[in-house]
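Visitor: Hello! I am new to reading protein structures. Could you walk me through this one, feature by feature?

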Amino acid sequence: MIAVLWLLIMIFGEWQDGLFGLVIVANSLIGIVQELRAKRTLDRLAVVNEAPVRVRRDGSEREIPPYDVMLGDLVLVGPGDRLLVDGEVRASEGLEVDESLLNGEADPVHKAPGDQVLSGSFVVAGSGAFTATKVGEDAYAARLTAAASKFTLTRSELRDGVARFIKYITWLVVPIGALLIYSQVHRHADFGTAITGAVAGIVTMIPEGLVLMTSIAFAVGVIRLGRRKCLVQELPAIEGLARVDVLCLDKTGTLTEGGMDLGEVLPLRDGEPIEDALAALANADPRPNPTAQAIQARYPSTPTGWAARQRVPFSSARKWSGADFDGHGTWILGAPDVLIDPGSPAHAKASALASTGARVLTLCRAPDLDGQYGEAVALITLTQRLRPDAQETLAYFAKQGVTVKVLSGDNPQAVSVIATTLGIPGGDRAVDARTLPEDDPDKVAEILDTNTVFGRVTPQQKRMFVGALQSRGHVVAMTGDGVNDVLALKDADLGIAMGAGSPATKAVAQVVLLDNRFATLPHLVGEGRRVLANIERVSNLFLTKTFYAITLSLLTGLTGLAFPFAPRHSTLVNALTIGVPAFFLALAPTLQRAEPGFVPRVLRFAVPTGIACAATVLLSFLTAHLPASTLEQDRTSAVVTLFLITWWVLMLVVHPMTAWRIGLIAAMAVLFVLALTIPFAQDFFAFDPGGLHDILIAVGIAAVGAVLVSLAVKLTPPLGPIE
């Protein structure tokens, strides 16, 4: 549209009135450069985040990039691994695969040799190997993604809002533009002057910089987060960051560092080979989890004669793992409140240990691996290291009004101690998730509203908690690094995964913290808030311009008056009161949390403000419209009023005033005065001030307009300060 209008000016008008055509070049160049920078940042981070695939080729194991997997490769998998190709299982050691991302079924599926596995699923327990039968575009997940991408798009209120603005404006521009062209051509004997006036009105109606500023804000957000080792996998994630009001944290790997240290081994029965059993269990798993790794650090090798005949790997649903050792019986290692009778002295001792903040496990000698737990023979404590930045980060969220919920699979008492140590409000009242009603979501939502810390939370419950919070109108972010967090991450409004987490976790998250720094979260939230709040401010400026142009075009079209300014005038005023300031405002930091209702809020500001600006400018134009005055003098008075009134709108939008904002606004005023007074600029912009009397009248009318605009702004709720 701008290109067609520019062509009309080049044919029928003067080239100075075609300056608005530079917007096409500027929008294209700036947008392309920023998006290319963002793409390069994302590409580099994606390579860092890409989990290699373990395959066995020519009798040896190797790690290869996912795109190098070929038909017939023997792919090796363990807990947390994401299946990137389809295949047939060749070996299974308690291999359990979660296919919920494909079929919605939350229960893991046991896979035996000969069973089929599909890409898009992930391993939750055990280990195994499968032969790749379908790779690349033939794989199930790739075909599913290809089909889905044809019709699905992640919802973005900001993107939808800008699209609605464009749609509304298009409906208005076409009929009003046609009316304006007709009235200007009918009024003027000079066809060139008529076309110039009509183009001035139509060009000003188009918010040509709004999409550019939105693009720049998002692209710069991606680049800034990339510098902090944050991989943004979906663009609307930046929006989600700004809207979050509840943050659900998984304790292990988020509040605590990933590694653990083996503490005490406390026998409950005499004469048992406790250390040998621990060493055998820890070393029986070819893909040890952090618990097994902590035990391996003290017992690095399998005792002689302790070969595992049968093994059940650990899963967060069972909360135990075990093995049958030939000649030494069956041993199980897991959570005390799952393996020990609640009324026993051993359970009381385990609870006392957990209350100190230690993670407590129970070693049991069992009759078999079919759920018969047997008798506890020892308690094992593991010490977890708190992240040094956790307390400061949690304090930030408390200050910003973001509620924190700790959802952990560990003992509630142990979680409570850590939460209390970190100063989390309500941390001393941990809730045991096993006591929550499974069939009453409203009751669960009520309990979530009044409590902060939850222990013994299953993966299905984490997912239920996210849904319960969302049902209360909350925007929920979920952090996690383990397989047990995948379902909740997938359902949350914003999933945040740790870079050291499982490939499945990183696959479903919208944001990945590649350096595993919990302290990066405040920067994530701050960046999201900056983007949305500033785009809303920029939208106020651009849409105010659109609505004063629509009002002026409609009035001049109906009355047959000449349009109050030429295209070169609107280019100058728009650059000084919207274009240049908006560029800086779109990148300014802010602490304001985004709220829903982007489109209504902007329209409530822009419509009355735009109408007030139009009325003021038209009054100035008519006041200067004397028999002795020229059209150039009348337009000069109108432009002076237009600049002053839109300059006042700019001051209202950028509140509160800081040094750099005052400097920016003052610089815009100085540039306009220079354009109005320097002879070369006067000639270039077709200014004829007439006399001091006319300028003072224009300034006085602008002052009245500023009062009208201020009253119009009062009709809308305050946008809040920017920092």
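Guide: Gladly! Let us begin with surface: accessible areas come from the Shrake-Rupley method with a 1.4 Å probe. This is a predicted model, and the accessible surface of its chain comes to about 29800 Å². Carbon and sulfur atoms account for 60% of that surface.

Visitor: What percentage of the residues of the chain count as buried?

Guide: A residue is called buried when its relative accessible area is under 20%. By that rule, 55% of the 723 residues in this chain are buried.

Visitor: How many helices and strands does the chain have, and what does its C-alpha trace span along the principal axes?

Guide: You can find 25 helices and 21 strands here. Along the principal axes, the C-alpha trace spans about 115 × 55 × 40 Å.

Visitor: Among contacts between residues at least 6 apart in sequence, what share joins residues at least 24 apart?

Guide: That share is 71% in this chain. Charges can be summarised too: the chain has 60 positive and 70 negative ones, and their mean positions are 4 Å apart.

Visitor: Now the cysteines. How many disulfides does a search of the whole structure find?

Guide: First the idea: a disulfide is a covalent bond between the sulfur atoms of two cysteines. The search of this structure finds zero. Take C230: the nearest cysteine sulfur belongs to C248 and is 19 Å away. Since a disulfide requires sulfur atoms within 2.5 Å, C230 is in no disulfide.

Visitor: Are C230 and C248 buried or exposed?

Guide: C230 counts as buried because its relative accessibility is 0%. C248 is buried as well, with a relative accessible area of 0%.

Visitor: Could you show me a residue inside a helix? Where is T577 found?

Guide: T577 sits in helix 20, which covers residues 567-585. Its relative accessibility is 1%, so T577 counts as buried. A polar atom of the T577 side chain lies 2.7 Å from the backbone oxygen of V573. Setting aside neighbours within four places in sequence, T577 is in contact with L541, F643, T646, W647 and L650.

Visitor: And V531: which residues does V531 touch, not counting those up to four places away in sequence?

Guide: V531 touches A217, F218 and I238. V531 belongs to helix 19, residues 521-559, and counts as buried because its relative accessibility is 0%. For a sense of distance, V531 and G473 are 58 residues apart in sequence, and their C-alpha atoms are 22 Å apart in space.

Technical notes. Residues are numbered from 1 along each chain as its sequence is written. This is a predicted model: local features need pLDDT of at least 70, side-chain atom pairs count only at pLDDT 80 or more; totals for chains, interfaces and linings use all residues. Side-chain values use heavy atoms; hydrogens and water are left out. Buried means under 20% relative accessible area, exposed over 50%, partly exposed in between (1.4 Å probe, protein chains only). Helices (H or I, at least four residues) and strands (E, at least two) are DSSP runs, numbered from the N terminus. A polar contact is a pair of N or O atoms within 3.5 Å; within protein, one must be able to donate a hydrogen and the other to accept it, and residues adjacent in sequence count only if both atoms are side-chain atoms. Contact means heavy atoms within 4.5 Å. Lys and Arg count as positive and Asp and Glu as negative; His and the chain ends are not counted. The place of a charge is taken as NZ of Lys, CZ of Arg, CG of Asp or CD of Glu.
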